[in-house]
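Morning, everyone. Sequence and structure go up now, and then I'll walk through two spots.

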Amino acid sequence: MNYNWDWRVFFKPTGIGNEIYLDWFVTGLGWTIALALSAWVIALLLGSLLGVMRTLPGRYAARIAGAYVELFRNVPLLVQLFVWYFIVPDWLPEPLEDWFKQDLHPAISAFISVTICLGLFTAARVCEQVRTGIQALPRGQAMAAYALGLSLPQVYRQVLLPQAFRIIIPPLTSEFLNVFKNSSVASLIGLMELLAQTKQTAEFTANLFEAFTLATLIYFTLNMGLMLFMRWVEKRVRVPGLIALGGK
Amino acid sequence: MIRFSQVNKWYDREHHVLKHISLEVKAGEVVVVCGPSGSGKSTLIRTINQLEPVEEGEIWIGDVQVNNPRTNINRVRENVGFVFQHFNLYPHLSVLENITLAPMQVKKLSRAAAEERAIALLIKVGLAHKKDAYPANLSGGQQQRVAIARGLAMEPKVMLFDEPTSALDPEMIGEVLKVMQDLAESGMTMMVVTHEMGFAREVADRVLFLDHGEILEDTTPEAFFTNPQHDRARQFLKQVLAPMHG
Ligand SMILES: Nc1ncnc2c1ncn2[C@@H]1O[C@H](COP(=O)(O)OP(=O)(O)OP(=O)(O)O)[C@@H](O)[C@H]1O
Ligand SMILES: [Mg+2]
């Protein structure tokens, strides 16, 4: 194959304003990070709540959380995204629907849809990790805490969750990385995150390989950075005698 | 102080694990509970702070019926220390934090007050120098002494022990029994599941012998060791005492 690599392409003007192609990647990376972080916050909070519910003594809480997990884990992410973007807004009360569809910048409404979609999807996965973490602890831990008069919320807050989260840091890290990967579905509803910007650069310049190589490098660096960050977190909170569960 | 009246408990509705238990432990009394494996000793002692519920009968601590649904069980548990066979210290907390957790969370003590109390207890069990260690870095005997201090930090009226020395290496049993003996001499009401017959003989006011969920003997250590009334108690004694003479 005869392909002329030309790395200077990223510094060429796009013809739109004063931008060069590299600016597109920067903008795209910004969207990707904003999406992933906001979705992760939702996933972590909701997923922890659901994970706790799955381990509660009563039946109803566990069932509700179980049903949630089944639903959100088994429907493909893309289908969920289309539901959040194309269908759910129609169910909103009229003023809200108009606001979402007309007043909001299209990028913002797409951003909101993807964040909710990815957050709720990932929450189901976080839920299962949190549940596994709690159930991996010896039964005596909760028993000793109850025996001292701690209430159920105190037992979770003070004894079970601090231990469970420590041992699930490795699998949580892979979920965190998955959020970044999965955030690329946003390109399908026109949000110009990293993948979308890459495709657009490829189309505008015909330098397809350079564009995707750069995107790969950015995703890779992002992943490495996050992984190192999570390792650092894991080390900081490590205590003797609590062994982390295996990743994946 | 502790009173059982006609208590019955079943596991899974068919396994009758506690049968017509009636007994009373007076304030300041030390009662040792022994019996063969599976006879219901752990179950019995756990019903006192309702770590195990019971289906029939009444259990009272002082003037509070603990198995009454209207009783706030957390308030009862504050007053009942429980020491487990496997210590169950919180691995993510230091020794000091293990002891201060419940006083701060449940009794709303300030950190300073809780730590002061914790250190006084650690001195009592001989582990003040380990206050910043994590449980995983302590020996079994040290962990169990911290667990006792943790229970005492709530200033309980009653201390319950479920085989506190059976998970320990032999050379560490003595240090834990010593702490328990000091506690008994300080006037604490104690119920102790144990096979340490030396402890029963020297420290206990009474010995209960449990078999198949029934209390077969409820008597003084003296009478229990010299003149057990039931065949099964005699067999049990032969088994647990044999290695000591062998
Ligand atoms: N949670 C449970 N569910 C069902 N059966 C149980 C449960 N816990 C204990 N049992 C059964 O009840 C009986 C009494 O158990 P328990 O633990 O009270 O005996 P134990 O006297 O403490 O025995 P050990 O000396 O082995 O500790 C045993 O037959 C045991 O198998
Ligand atoms: Mg037992």
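Start with the surroundings of B:N98. Leaving aside neighbours within four places in sequence, B:N98 is in contact (heavy atoms within 4.5 Å) with B:L89, B:Y90, B:L93, B:P135 and B:R150. One polar atom of the B:N98 side chain lies 2.7 Å from the backbone nitrogen of B:Y90. B:N98 is buried, at 1% relative accessible area. Buried means under 20%, exposed over 50%, partly exposed in between, with a 1.4 Å probe and protein chains only.

Before I go on, the ground rules. This is a predicted model: local features need pLDDT of at least 70, side-chain atom pairs count only at pLDDT 80 or more, and totals for chains, interfaces and linings use all residues. Residues are numbered from 1 along each chain as written, chains are lettered from A and ligands numbered from 1 in written order, and side-chain values use heavy atoms, without hydrogens or water.

Now the helix. B:N98 sits in helix α3 of chain B. Helices here are DSSP runs of H or I, at least four residues, numbered from the N terminus. Eight of the 11 residues of α3(B), residues 95–105, are buried, so the helix is largely enclosed by the rest of the structure. Among them are B:V95, B:I99 and B:P103. What do the buried residues of α3(B) pack against? Helix α7 (152–167) of chain A, plus α4 (111–124) and α5 (140–152) of chain B.

Over to chain A. A:V83 lies in its helix α3, residues 77–91. A:V83 is partly exposed, at 31% relative accessibility.

How values were computed:
Helices (H or I, at least four residues) and strands (E, at least two) are DSSP runs, numbered from the N terminus. A polar contact is a pair of N or O atoms within 3.5 Å; within protein, one must be able to donate a hydrogen and the other to accept it, and residues adjacent in sequence count only if both atoms are side-chain atoms.
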